[in-house]
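Here is a short report on one protein chain. Read it with the sequence and the 3D view side by side.

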Amino acid sequence: MAKVNLAKMSLDELKKLRKDVDAAIVSAENTARKTALAAAKEAVAKHGFSLEELLGAAKPSKKAPKPAKYAHPENPKQTWSGMGRQPKWIKEALEAGKSLNGFLIK
C-alpha cells in the first residue's frame, strides 16, 4: 500500500479521505458479516439444522399467573393477586375507608 503524506493534504482532502475510509470500513464489515453468515449456515446444515432453528428468537417464558389474594365480597369471581394495578373495586373500597385486609381470601 502506498504511503500517504497526510501533512501535505488540505483539510478538504483529509475530510474526503476520512469519508472514503469510513465507507470502505463499512463495506469490508458487511462483506465479512456475509461471509461469516454463509459459513455458519453451511456448518449448521452439515448437522441437519438451519441457523434459524438454532438461533431463533427465544420464546418468552410463560409464567403462571399469581394466585388470587383478594376477592370482591359480593362477587368472588372478581379477584386480584395484589400485584400490578389495583382493580377499580379495590380502589373504591380503599377510598371509602375500608381495609385491604377485609378482602383477603381465606
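## Histidine 72

Leaving aside neighbours within four places in sequence, histidine 72 is in contact with Gln78 and Trp89. Contact means heavy atoms within 4.5 Å. This is a predicted model: local features need pLDDT of at least 70, side-chain atom pairs count only at pLDDT 80 or more, and totals for chains, interfaces and linings use all residues. Residues are numbered from 1 along each chain as its sequence is written, and side-chain values use heavy atoms, with hydrogens and water left out.

Histidine 72 sits in the loop between strand 1 (70–71) and strand 2 (79–80). Helices (H or I, at least four residues) and strands (E, at least two) are DSSP runs, numbered from the N terminus. At 16% relative accessibility, histidine 72 is buried. Buried means under 20% relative accessible area, exposed over 50%, and partly exposed in between (1.4 Å probe, protein chains only). The side chain of histidine 72 also reaches the backbone nitrogen of glutamate 74, at 3.0 Å.

## Nonpolar core

The largest nonpolar core has six residues: Tyr70, Trp80, Trp89, Ile90, Ala93 and Phe103. Helix 3 (residues 88–95) gives the largest share, three residues. Such a core is a set of buried Ala, Val, Leu, Ile, Met, Phe, Trp, Tyr and Cys residues joined through side-chain atoms within 4.5 Å. Beyond four places in sequence, isoleucine 90 is in contact with Tyr70, Trp80, Leu100 and Phe103.

## Aromatic pairs

There are two aromatic pairs. Rings of Phe, Tyr and Trp (its six-membered ring) pair if their centres lie within 6.5 Å; planes under 30 degrees apart are stacked, over 60 edge-to-face, and the rest tilted. Tryptophan 89 and phenylalanine 103 have ring centres 5.7 Å apart and planes at 65 degrees, so this pair is edge-to-face. The pair links distant parts of the chain: tryptophan 89 is in helix 3 and phenylalanine 103 in the segment after helix 3, 14 residues apart. Both residues are buried.

## Salt bridges

The whole structure has two salt bridges. The rule is a side-chain nitrogen of Lys or Arg within 4 Å of a carboxyl oxygen of Asp or Glu. Aspartate 20 pairs with lysine 16, their closest N and O atoms 3.1 Å apart. Both lie in helix 1 (residues 11–45), four residues apart. Aspartate 20 is partly exposed at 38%, and lysine 16 is exposed at 51%.

Lysine 88 pairs with glutamate 92, with the closest N and O atoms 3.9 Å apart. Lysine 88 is exposed at 62%; glutamate 92 is partly exposed at 44%.

Terms used: Polar contact = N/O pair within 3.5 Å; in protein donor to acceptor, adjacent residues only side chain to side chain.
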